[in-house]
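Trainee: Could you walk me through this structure with a few questions?
Mentor: Gladly, let's have a look together.

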Amino acid sequence: MSNGLPLVPDFITRLIKLWAEKRLPEPDQQTTLVRRRIYILPTRHGLTFFITLLVILTGAINYENSLGFMLSFLLGSIGFLGMIYTHENLNHLTLNTATTRPVFAGQPAHFPITLSSDKKHGFMNIQFQSRNGEAVSAHLEPLAADCQVQIPLNTEQRGWLELGEFKVFTEFPLGLFHAWSWNHLNTRCLVYPKPDEHPPHFDLSSQHSGQHASEQDGYDDFAGIREYQKGDAPNHLAWKAIARTRELQTKQFHAEVGDEIILSWYALPDNMDIERKLSVLCRWVLDADHHGLKYGLQLPGTQLAAGSGRHHRHLCLKSLALFSRS
Amino acid sequence: MLHLKNIPQHPVFWVIVPLAMVLIPHLPRLPVWMIILLPLLFGWRLLAIVKPRLLPGKILLFLIIFPAVIILLFHYGTLLGKTAGTALLSLLLAIKLLESTQKRDYMLLIALSFFIIVTNFLFSQTIPTVVFMLISAIVLIMSLIFINQGDAPVSFRSRLKMSSLMLVQALPMMLILFVLFPRIPGPLWSLPEDSSSPRTGLSDTMSPGSISELIQSNEIAFRVQFKSEAPAQNSLYWRALVLWYFDGKTWEHGKPNLNPTPTLEGFDTPLSYTITLEPHDKKWLFALDMPSEIPENVSYTNNFLLRSESDIHSLYQYTVSSFLDYRIEQQLSAWERSAGLKLPEGANPRTVALGQQWRRQFKQPRDIVQHALENFNQQNFFYTLQPPATPGFDPVDQFLFTTRRGFCEHYASSFTVLMRAAGIPARIVLGYQGGTQNPLNNFYSVTQSDAHAWSEVWLEQEGWVRIDPTAAIAPNRIEQNLNAALAATENRPFHMRMNSGMLKQLKFYWDAIDNSWKQWVIGYDSKLQNQLLNTIFNRDIDYVELILFLITTLAVITLIIALFIFRPFSRNSLDPIQRLYGRFCKKLARKGLIRQDYEGPLDFACRAGSEFPADKNTINLITAIYINQRYRSRENTKQLNNMKQMIKKLRLSAS
């Protein structure tokens, strides 16, 4: 099921949503699903069930069959209870945001949400669906303190990505009713630019800061071969070695200790698209980090001194992600 | 590789289990080949769980279903009607199961399983049927939960618990709907005629052995509630059929051409009583000799018989009045005289000769009747359930002159033949005689073993007079019951042997429960509903008022149940440990130390400890207990009490 509602045409869903949005509280770090914001409709199966019930009831009336009456009333009551149970399976569920991990554009971002409740009973088969991601299910066992669910959201652009509105729904326990709540949590995920797949060769000659300008191929010093790791540039693949071992291998280059490179915006052709430039720089940052180089980043209006390590890499990627966006 | 242990983890398994369950009560009615086919199809689908390529394609399914439906059609001659319809539905469900791979298929199959349950009610509406319905409903809800639980860890036990709980919560709503849902009298459309399965009960012919066979059954034929004092046992003659035509062996009703307006004179106050008739798929209704006032929608034949407009397929209740002291048909029509004297040519010559001899011997018809009865009583005749066979063309002769051992049909038949031969118009009456009064509720139960046949002879001045030759040979049959009339050495039917002390009492209890069930549940209809509402409101209420009353009652019960599920007022929504810790924080807050949202319990304890050094140890202890109880171990009352005491003693004096 997409983001739609069962048995309801899309345009009506949109109307309901417009109305429901007015009832949403201001986005916060935490939200609790309450009766005011939990909606419920029968599912297609609920409709089938209801029609079966009506047929049984009509038969009972016609045959004046007491047990037929009894069964149809029993089914009606159970279906009705199913509605209450389904509603109760969302009611008083508290959602909390947690720290997100940055992703590269194109990869799905995952927003961790912590579920907890002041109710003792369990919350079973609760589905979470962001505006464009797949629905994921979670459950909070009875008496359990909390649990976490990762809501996926597809990314396209770099920058901050808000989780935005997402739908929490459930059809547990009988599948006859679809209870849902639209929610809004104040959480965002940093999306790095997409690493360029065919970056222009990094031109060391453009380096002015380097002390070893004469050693033009210092960067390209071949240092050996190691196993391929995700993020390795395709033009560093050791094709001969791959042919020999049938496993992906990457050529490792060794830069002399003390080498510092500055990955510069200005090293790229002027006519290159801005996003492309950021992508290329992103790739270069990854490559440089990968090879253990000390690297700096130069962007219009931003200058990051050379450094290395996870944090440095994050800072560089972040400034690329947020370049001219804030 | 087959991993059969995975099968119970698959939704299909949980569709097949309830489906097979709801089909069980139908098995005795299904043709044998279907009883074999259905488990095979189920097994096939189960195997396909582990080997999905075993799932049949559309063509193969068609190759199974097409011949199966054709055979069904040949077997029943129709695909409509209760039995054939159920068989067809079962078959289609099994086929649907074989192509079910998705949630929506499973959900549909479960909805249709409920439908299978209700088709069983067309055949049986007993208490065990309802118990079975409730168990089936629990299993079906469990299946619904299983299909909808996704990957949530809901164990078999919690499913069972949840589904039983839902059923228990649904019962009060069901009862209210059952009682108050407006009942419309009569069928909405005419019911399709059904080639129904044969039932035990009277047939409209009588031949030697036909009644003694029926005696073997202890099934209830009908129950009677007398408005006033019940009459004596020996006047409980429940009349149903009058047989005129005799072919030498078998009595049939013939085609009576009788007075359009039968005459009945009663000499006592009519006795009023209500009969609850078990369905017998026939039109005839029972009444005591002789019915005077008849219920609506019932016709009164000129043989003083009651006839319903349509076959009785479900429990049927009616109230009749009868004269026990009466005189009917003082005038005999020509047709009646000729039919009442007619005997088949050449059959039973010795009996006919005897009758003719009596006619010459006695002047008064009364004397002939008397002589015949004395003859039975004084000659060596025996009343027995196992009479010797009387093959050949002259069974009456064989009985009267050779075997002399017989049951009521032998005596009634030979007596009537004798009377006709002696020139007295006579006919056979079929029905029941007697009944068992249940001391618990004073209802009379008339069972198949009370089936009886007797005669009526037409006498000048007196009209048709009931003569029961069985009373001459076995008076206990009429005064008490069959069991008392049979010789001690007689091989009794099973139900008569189970008649001692405790068992008898248990039978009465069961009979009383069964009777209440039939009166109040199966027989609950618009009439009874009106009666009930009348007693509640003390006046007639219309449909609108009824619906309003229904909605109000439902709303109240819903509210009660919802409160039970939601429990908004319950203080237990927080753990006791959280409540205690809250009290602790409140106490500190009053001293100006407010726990911040970001502050974990340990950080807060640290801050509080430095603020109130005197209480540092207590604060740390309280915090330790809180953390231990909240995050690590299960609730421990002793620790909770400790914590409570410590919080109470907390002085929090500023240093």
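Predicted model: local features only at pLDDT ≥ 70, side-chain atom pairs only at ≥ 80, totals over all residues.

Trainee: Is B:E329 buried or exposed?
Mentor: A residue counts as buried if 20 or more other C-beta atoms lie within 10 Å of its own. B:E329 has 21 other C-beta atoms within 10 Å, so B:E329 is buried.

Trainee: B:N442 is not a glycine, so to speak of its backbone, what is its phi?
Mentor: Most residues other than glycine have a negative phi. B:N442, in the loop between β18 (436-437) and β19 (444-447) of chain B, is not a glycine, although its phi is positive. The value is about 65 degrees.

Trainee: Which residue is the bridge partner of B:V298 in β12(B)?
Mentor: Strands β11(B) and β12 (residues 306-308) of chain B run antiparallel and are joined by 3 bridges. In β12(B), the partner of B:V298 is B:S308.

Trainee: How many residues of chain B are in contact with chain A?
Mentor: On the side of chain B that touches chain A, 40 residues are nonpolar, 8 polar and 3 charged. On chain A, 40 residues take part, and the number for chain B is 51.

Methods: Residues numbered from 1 in each chain as written. Chains lettered and ligands numbered in written order. Contact = placed C-beta atoms within 7 Å. Nonpolar A, V, L, I, M, F, W, Y, C, P; charged D, E, K, R; others polar. Pairing = 2+ DSSP bridges. Helix = DSSP H or I, 4+ residues; strand = E, 2+ residues; numbered from the N terminus. Buried ≥ 20, exposed ≤ 12 C-beta atoms within 10 Å, placed from the backbone.
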